[in-house]
Amino acid sequence: INILAALSKFKNFGKAFLFNFKIKNMTFPYLDIVLRSIAVYFFMTIALRIFGKKELSQLNTADVILILLISNSVQNAMVGPDTSLIGGLIAALVLFVINYIIKKLMRRYKTISDLLLDKPQVLVHDGKLDFQTLSRLDISDEELKEAMREHGIEYFKNIKLAMLEIDGTISIISEDQKNLKQTHYKRNHNR
């Protein structure tokens, strides 16, 4: 029982510390929201990296529902018991600031950029399909043919280079350099 009482006091101390963090008589009652928002941001960044940002290039109904449910579930994790307008605005501000800082760091340090961003993937080179990459990225024959039609290309042998870009688009350069097009095929994820 003494251990439980001590843990209870420590837990209450931790809450009081986070909610009323003091430095030289200055109180930061929203430090808990700031720390929670930072934790949620990094969790979501890691989760999107693991489960595939390419999936976000074109959202279907299930993807939109998932994003809405995730945002609702992590909202409580960020603001905790504080449901005030100020608490919500602080959480949003923290997310914007973290995102701004991460983008600046990604531009400055290649290691961070490499860690957070996918690389473009070669799908077809000089008319030869890279079946291993296509399989790993779960790009079907029909998806690739649809991208080819969007670019005005009929046969695989006419493709000089086809790439899955980091934003989820498939860009294609044909053998005939005169017919370069600016169209982009967005992957459709209805699975």
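Analyst: To start with exposure, buried means under 20% relative accessible area, exposed over 50%, and partly exposed in between (1.4 Å probe, protein chains only). This is a predicted model, in which local features need pLDDT of at least 70 and side-chain atom pairs count only at pLDDT 80 or more, while totals for chains, interfaces and linings use all residues. Residues are numbered from 1 along each chain as its sequence is written, and side-chain values use heavy atoms, with hydrogens and water left out.

User: OK, is Asp-126 buried or partly exposed?

Analyst: Asp-126 counts as partly exposed because its relative accessibility is 44%. Asp-126 sits in the loop between strand 3 and strand 4 (128-129), where strands (E, at least two residues) and helices (H or I, at least four) are DSSP runs numbered from the N terminus. Its phi is near 50°, a positive value in a residue other than glycine.

User: And what about the phi of Asp-138?

Analyst: The phi of Asp-138 is near 60°, again positive in a non-glycine residue, and Asp-138 lies in the loop between helix 6 (131-136) and helix 7. With a relative accessible area of 45%, Asp-138 is partly exposed.

User: Switching to Glu-143, where is it?

Analyst: Glu-143 belongs to helix 7 (residues 141-150), and it counts as buried because its relative accessibility is 6%.

User: What does its side chain lie 3.1 Å from?

Analyst: A polar atom of the Glu-143 side chain lies 3.1 Å from the backbone nitrogen of Ser-140.

Note on methods
A polar contact is a pair of N or O atoms within 3.5 Å; within protein, one must be able to donate a hydrogen and the other to accept it, and residues adjacent in sequence count only if both atoms are side-chain atoms.
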